[in-house]
Amino acid sequence: MKSFKGWSLVAFTLTILLIVSGCSDSASGDSTREMGDKSGRGSGNGKDKLVIGLDDDPPQLDPHLSSTAVDRQVLHSLFDKLVDIDEDMNIVPKLAKDWDISDDNQTYTFYLQEGVVFHDGTPFNAEAVKFNFDRMLDPAMGSPRYGEVEQVEQVNVIDELTVEVQLKTPFSPFLGDLTDRAGMMLSPTAVKESGEDFSRHPVGTGPYQFVERELQSHIKVSRFDEYWGEPAIIKDVLYKPYTDENIRLTNLISGDVDMITVVGFKDIKKIEGNSAVKLSAKEGRGFLGLHLNPAKAPFNNKDFREAINIAIDRQAITNVVYHGAALPAVSAFPPASWAHNPSLEVPKGDLTKAKSLLEKSGIKDPSFTIKVKPVETDKQMAEMVQSMLQEIGVTVNVEMQEIGSLLSSAIAGDYEALYLGWDGRTDPDGSVSRFFMSNGYNNYAKVNNPEIDKLLTDARVSLDQEERKKIYQRFSEVVFDEANYIFLVHIDENKAMKTNVNGFIHYPDGMIRPDRIYFD
Amino acid sequence: MFYFLLRRFSLMVVVLLLVSIIIFSLLNILPGDPAMLILGQESSPEALEALREKMGLNDPLPVQYLHWLTDSLQGDFGKSLRDNNDVTAILLKKVPITIQLAFMSFAIAVLIAVPAAIISATRKGTSLDYLSTFFSLSGVSFPPFWLGILLILIFSVGLGWLPPSGFVSLAENPVRSVLLMLMPALALGIRLAAELTRMLRSSLLEVLQSDYIRTGYAKGLMERAVVFKHALRNSLIPVITISGLQFATLIGGVVIIETIFSIPGIGQLVYSAILARDFPVVQGAVMMMAFSVVIINFMVDITYSILDPRIKVGGER
């Protein structure tokens, strides 16, 4: 009998637990609803915490080790860059209040902002700038930023607030690169103290300082009171990861999330039709498209590549897969970019011409496989390409690989076609060199085209934007003609937020700088 | 009893060792190495090599495994490849969260299954019985992740009764903590409840037809006394066995449910660690899960003898 009593005790405890949770359910269920009503009525003035819903848990909070966009969302509140961009992608002062570029485009002299301190009290000065460059350039560091700063020959401290960066070769994309993580300044003291653990104790000069992080749960940052610039308006910012896009949106609409960084394309209409939330859309600066592998059949045949290039109707993909929140692409540079080439026409799926090119190629019963990430939009895009090419008699297979395997396949050159894009960089060079220069890291098929190499190198040397524009326009024509990469769409940069969130400035890089945001 | 414990314990060690070897090999067979995932599309060959060296990925596999084994035997599961955090420390933070979820799911399952099975077995052939059978069949057929999303749609988006997802620790705010975990626990618990109902029902039916139950009725006992005191207890053995086995399924379901409901437990940790090829974290977490499944099943064996004194563990007479 004794053991039976033990069992009923367990059952009893469980019952009590459920009753308790059941009761409290109704009680605080009401209070949540009340809170929701209040913010809806716009009396959120007392609210001093902004909750940002991210699309993933940021892997790295060390800017020099970061390689994902989701890291950057958080990094932009903790770290200032030497220079920043404005809404129209012009380069503007930040930690460097001014700079000179030598006539040979090889020496950059930065004049630093006075009175700047890191969150740990370390003064920000020329020494700190040198320390940061040296860290990124240290081969043992294995920094993903290396590619952006490898042109740096040496960094010289001129005086407390003047620093000179010597480049190995003229490199005009340099300032553009410094608007991203390569330009973020870390506290040398904190780096020396935390060593490998810096990512868990990030210290910068930004408007917010790091408070705490619970993996997969939240990252909390708080206003830095000794910030050199205008202090942040909202005191606390909480970043929370939501990998599922439906759950993310639900938390924005009916939960405590104030804004989300990535909006599902299928949800845009839903957001526009809901009065509790609003959408901010901006033309994206990146591109999506297909890497074709010219080292393998059938893509070793240029006529065949060209046939594929013109047979795909970009507008249809834009409408169906991206619900109109994208622009059809024909090059790496969207219409808003100064490097855009307006004379290149977007192919509209010219099947007659594609068929004749296919015939010219001499390939019988052509077929190939597209590798895509297991992401709904990517899959849909591949299926659309599949049906479009079926009309000219090309069989397309779709194979899904998660990102780790996909990148492995890419680097090993183990693919026929691969759907991978790029989110774009401030300087056009950052968007294309890595894919198209013969020694580019992302030139997976190791394509060596001397004309492209020469054009891209010329564009790096010149400081004259008009001249560079002409070079990039020519470059886009060559790349289109070679058709080793099929540009498909430039997707829009979308953010969604509760209606009471104000002061959000939509920067072209899609990164939220939370310090100017307020509730009303 | 002592020999029984000793034998079970050594078996446990062997099982865990095998699990560790399997998970280690599987992780290394997966395409995509951690260094490349950290560097992403921005990896230069030099940076890739430097990072691989730093992470010790260039050592031969058996050497890597032995390193890991000797360290983990001392309670040190290594450091996360992503942020250099101590894996043991991460796990210790995550375990209570997942235990809370598992416990609540189990509680929900028991609270649904026991009454449902009793009603269904004692009212065999009635519409109540069919209703309960229908419920258990559909419960088994619904995948938890689907159920989870459905619950969010109904209770958060539609009715606005519950917060859609998130987590607060029990210590911080017990009411909100339980509230936030209600839907995920339900999503996991319903399936479990369905399994348990089916099992308990058939087991009860069998027991109810046995002689001693008839004797019970014959000597004039109330139905309630017969069912609760005699039948229920005697039909629990197979149910306890199933519960032990279901615990492994529960742990599997936790991975996806935690991801959907943004619960920062072991499940979500494993999910993100696998995608990032964060080997030490995956190994540590899987070992932790394997350990808990083994322990639970060990406890199930012990429970037998408590429920039915005729069963003596270790074959004692």
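Trainee: What makes up the secondary structure of chain B, helices or strands?

Mentor: In this predicted model, the secondary structure of chain B comes to 13 helices and zero strands, and from the N terminus on every element in the run is therefore written α, since a helix is a DSSP run of H or I with at least four residues. The C-alpha trace of chain B spans about 85 × 60 × 35 Å along its principal axes, and buried residues make up 52% of its 317 residues.

Trainee: How do you know which residues of chain B and chain A belong to the contact, and how many does each chain give?

Mentor: A residue belongs to the contact if heavy atoms of the two chains come within 4.5 Å, and by that rule 55 residues are taken from chain B and 62 residues from chain A. Between them the two chains bury about 5,200 Å², of which 59% is on carbon and sulfur atoms. An area is quoted here because the size of an interface is often given as the accessible area lost when the parts come together.

Trainee: Why is the pair A:Glu402 and B:Arg277 called a salt bridge?

Mentor: The cut-off is 4 Å between a side-chain nitrogen of Lys or Arg and a carboxyl oxygen of Asp or Glu; the closest N and O atoms of A:Glu402 and B:Arg277 are 2.4 Å apart, so the pair meets the rule. Across the interface of chain B and chain A, the rule finds one salt bridge.

Trainee: Which elements of chain B give two or more residues to the side that touches chain A?

Mentor: Among them are α2 (34-39), α3 (45-55), α5 (87-122) and α8 (174-208) of chain B. The largest share, eight residues, comes from α5(B), and the residues on this side of chain B divide into 31 nonpolar, 14 polar and ten charged.

Trainee: Why is strand β13 of chain A described as largely enclosed by the rest of the structure?

Mentor: A residue is buried when its relative accessible area is under 20%, and five of the five residues of β13(A), residues 288-292, are buried, so this strand is largely enclosed by the rest of the structure.

Trainee: What makes β13(A) and β18(A) a pair of strands?

Mentor: Two strands pair if at least two bridges are found between them; β13(A) and β18(A), residues 485-491, have four bridges in the antiparallel sense, so they qualify.

Trainee: Why are β8 and β12 of chain A called edge strands?

Mentor: Chain A has an open sheet of seven strands, with mixed pairing, in the order β8-β9-β10-β1-β11-β19-β12. The strands β8 (208-214) and β12 (277-282) of chain A each pair on one side only, and they are the edge strands. Within this order, β11(A) and β19(A) pair in the antiparallel sense over two bridges, with A:Met497 in β19(A) as the bridge partner of A:Met259.

Trainee: How do you know whether A:Asn442 is buried or exposed?

Mentor: Its relative accessible area is 2%, which is under the 20% limit, so A:Asn442 is buried. This residue lies in the loop between α14 (428-436) and α15 (450-461) of chain A. Leaving aside neighbours within four places in sequence, A:Asn442 is in contact with A:His291, A:Arg434, A:Phe435 and B:Gln41.

Terms used: Residues numbered from 1 in each chain as written. Chains lettered and ligands numbered in written order. Predicted model: local features only at pLDDT ≥ 70, side-chain atom pairs only at ≥ 80, totals over all residues. Heavy atoms only, no water. Buried area = accessible area lost by both parts, 1.4 Å probe. Nonpolar A, V, L, I, M, F, W, Y, C, P; charged D, E, K, R; others polar. Buried < 20%, exposed > 50% of the residue type's maximum accessible area, 1.4 Å probe, protein only.
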